[in-house]
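Here are my notes on the pockets and the charged pairs, as promised. Have the structure open while you read.

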Amino acid sequence: MFGIDSTVLAFVVLAGFSAGAVAYAFLFTRISNEKQVGKRLETIKTAETDRSIVKASRDRAAEAVKRRKSLQDTLKQLDEKQRSNDRIVKKPPLKVQIRQAGMQVSIERFYIYSAICGIALMVLAYVAGAPLLVLPGALLAGAFGLPRWFVSFRRSRRVKAFLNEFPNALDIIVRAVKSGLPLNDAIRLIANESPEPVRTEFRRIIDSQQMG
């Protein structure tokens with residue numbers, strides 16, 4: 001129609017399609033490579049994020065374990081301290097037990113009395129016709145068992161009496177202070193007029209204050 005041979009025209013069209021196909025293939029490959037690179041970068045970022053999350057989780061777990069261990073150690077120390085205090089409260093030294101029992105005797109004299117008690121019990125067992133193997137047991141029971149049992153009995157009874165009377169003493173002190181009486185005078189009032197053993201314990205408080 002324009003004086004161009006149909007063969008040439010077909011060749012030109014075919015060449016154009018071929019060039020377009022080559023260009024499309026090149027661009028598609030480039031786009032695919034860019035997408036793959038993007039996916040790889042995204043995968044790397046995701047992996048780094050996952051590693052950060054895992055590391056943070058491990059750090060939190062380690063910190064939780066550390067806090068738990070510290071708390072357990074603290075509770076263990078408090079429990080041991082409480083048990084030690086309980087042992088001290090339940091079993092104070094013998095000298096303190098004698099004082100709490102209200103017995104006016106020194107620790108040395110108490111040991112002397114204990115030895116005399118042990119010998120006396122052993123002699124009584126011998127006179128009663130007890131076997132010789134029983135005599136050492138009677139000596140130990142008289143020297144260590146009976147005196148300490150007596151002190152424990154006196155101490156328990158005195159502590160119970162003190163706890164029963166102590167609220168009344170506090171009530172008297174509160175009312176005396178509210179009425180305008182000085183605290184020291186209120187304590188002296190308890191030390192002079194309250195029943196035993198509260199009276200003796202408050203007298204010791206007054207003596208301690210006077211001694212400074």
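1. Let's start with the second largest pocket. Its lining is made up of Met 103, Val 105, Phe 110, Tyr 113, Ser 114, Cys 117, Leu 146, Pro 147, Phe 150 and Val 151. Keep in mind that this is a predicted model. The volume of this second largest pocket comes to about 160 Å³.

2. What does that lining look like by class? The second largest pocket has nine nonpolar residues and one polar residue in its lining, with no charged ones. Helix H3 (107–127) and H4 each put in at least two of the lining residues.

3. Now for the largest pocket, at about 190 Å³. Around it you'll find Arg 99, Gln 100, Arg 158, Val 159, Phe 162, Leu 163, Pro 197, Glu 201 and Arg 204. Two or more lining residues come from each of helix H2 (94–100), helix H4 (134–178) and helix H6 (198–211). H4 has the largest share, with four residues.

4. In the largest pocket the lining holds four nonpolar, one polar and four charged residues. For the second largest pocket, the charged count was none.

5. On to the charges: how many salt bridges are there? The count comes to five. One of them links the side chains of Glu 201 and Arg 158, at 3.1 Å from N to O. Because Glu 201 sits in helix H6 and Arg 158 in helix H4, this pair ties together parts that are 43 residues apart in sequence. Both Glu 201 and Arg 158 are buried, and both are on the list of residues lining the largest pocket.

6. Another pair to click on is Glu 196 with Arg 199, whose side chains form a salt bridge at 3.3 Å, N to O.

7. How exposed is the Glu 196 pair? Glu 196 has a relative accessible area of 39%, so it is partly exposed. Arg 199 is partly exposed as well, at 25% relative accessibility.

8. Last one: Asp 171 and Arg 175 meet in a salt bridge at 3.2 Å, N to O. Both lie in helix H4, four residues apart, or about one turn of the helix. Asp 171 is partly exposed at 39% relative accessible area, while Arg 175 counts as exposed at 52%, the cut-off for exposed being over 50%.

How values were computed:
Residues numbered from 1 in each chain as written. Predicted model: local features only at pLDDT ≥ 70, side-chain atom pairs only at ≥ 80, totals over all residues. Heavy atoms only, no water. 1 Å grid on protein atoms, 1.4 Å probe; cavity = no way out; pocket = protein on both sides within 12 Å on 5 of 7 lines; lining within 4 Å. Points joined across faces, edges and corners; volume = space filled by probe spheres on them. Nonpolar A, V, L, I, M, F, W, Y, C, P; charged D, E, K, R; others polar. Salt bridge = Lys/Arg side-chain N within 4 Å of Asp/Glu carboxyl O. Buried < 20%, exposed > 50% of the residue type's maximum accessible area, 1.4 Å probe, protein only.
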